[in-house]
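Here is a short briefing on one structure. Keep the sequence and the 3D view open while reading.

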Amino acid sequence: PDEYLLSLKFLFGSSATQALDLVDRQSITLISSPSGRRVYQVLGSSGKTYTCLASCHYCSCPAFAFSVLRKSDSILCKHLLAVYLSQVMRTCQQLSVSDKQLTDILLMEKKQEP
């Protein structure tokens, strides 16, 4: 409904529109392992994949580090907002992997950071 869209725009500014675009493009994947660990990967508009941990409110993107953590200008980046929206809308893709594969995914993300 329009009132929800207006509320999102009021709370999150332009990030709301960008996050909804990511949801519409089905860019969010929930990756889970047998041990119960869950991470989300979001294919950003630039083509880079970011890892989000919804349970602790974290995203690996530079905007999260700068605008959310360092400057406190925002409470969420567009990737993390897209994760939360996709959870509510039940639109994330799902992928089950072994615990080792999930560890490898997270370690590969760490190696790609500057």
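**Annotated span**

The end C-alpha atoms of residues 50-88 lie 20 Å apart. The model is predicted.

**Sheet**

- The sheet is open and has 5 strands. Their order is β4-β3-β2-β1-β5, and the pairing is mixed.
- β4 (58-59) and β5 (93-96) stand at the edges. Each has a single partner strand, so one side of each is left without a neighbour in the sheet.
- Strand β3 (residues 49-53) pairs with β4 over 2 bridges, in the antiparallel sense.
- Leucine 53 has tyrosine 58, in β4, as its bridge partner.
- As background, strands of a sheet pair through backbone hydrogen bonds, either parallel or antiparallel.

**Aromatic pair**

- A search of the whole structure finds 1 aromatic pair. Tyrosine 58 and phenylalanine 64 form this pair, and it is edge-to-face.
- The ring centres lie 5.7 Å apart, with 80 degrees between the planes. An angle over 60 degrees counts as edge-to-face.
- Are the two partners buried or exposed? Phenylalanine 64 is buried, with a relative accessible area of 2%. Tyrosine 58 is partly exposed, at 31%.

**Helix packing**

- Helix α1 (residues 2-12) packs on helix α2 (residues 14-24) at an angle of about 125 degrees. Their axes are 6 Å apart.
- α1 and α2 are therefore oblique to each other.
- On the α1 side, Leu5, Leu8, Lys9 and Phe12 make the contact. On the α2 side, Ser14, Ser15, Ala16, Thr17 and Leu20 make it.

**Backbone points to check**

- Most residues other than glycine have a negative phi.
- Glutamine 26 has a positive phi, near 50 degrees. Its place is in the loop between α2 and β1 (28-32).
- Histidine 57 also has a positive phi, near 60 degrees. Histidine 57 lies in the loop between β3 and β4.
- Histidine 57 counts as partly exposed because its relative accessibility is 32%.

Conventions: Residues are numbered from 1 along each chain as its sequence is written. This is a predicted model: local features need pLDDT of at least 70, side-chain atom pairs count only at pLDDT 80 or more; totals for chains, interfaces and linings use all residues. Side-chain values use heavy atoms; hydrogens and water are left out. Rings of Phe, Tyr and Trp (its six-membered ring) pair if their centres lie within 6.5 Å; planes under 30 degrees apart count as stacked, over 60 as edge-to-face and the rest as tilted. Buried means under 20% relative accessible area, exposed over 50%, partly exposed in between (1.4 Å probe, protein chains only). Helices (H or I, at least four residues) and strands (E, at least two) are DSSP runs, numbered from the N terminus. Two strands pair if DSSP finds at least two bridges between them. Axes are lines fitted to C-alpha atoms, for helices over the stretch in contact, and angles run from 0 to 180 degrees between N-to-C directions. Angles under 35 degrees count as roughly parallel, over 145 as roughly antiparallel, 65 to 115 as roughly perpendicular and the rest as oblique. Contact means heavy atoms within 4.5 Å.
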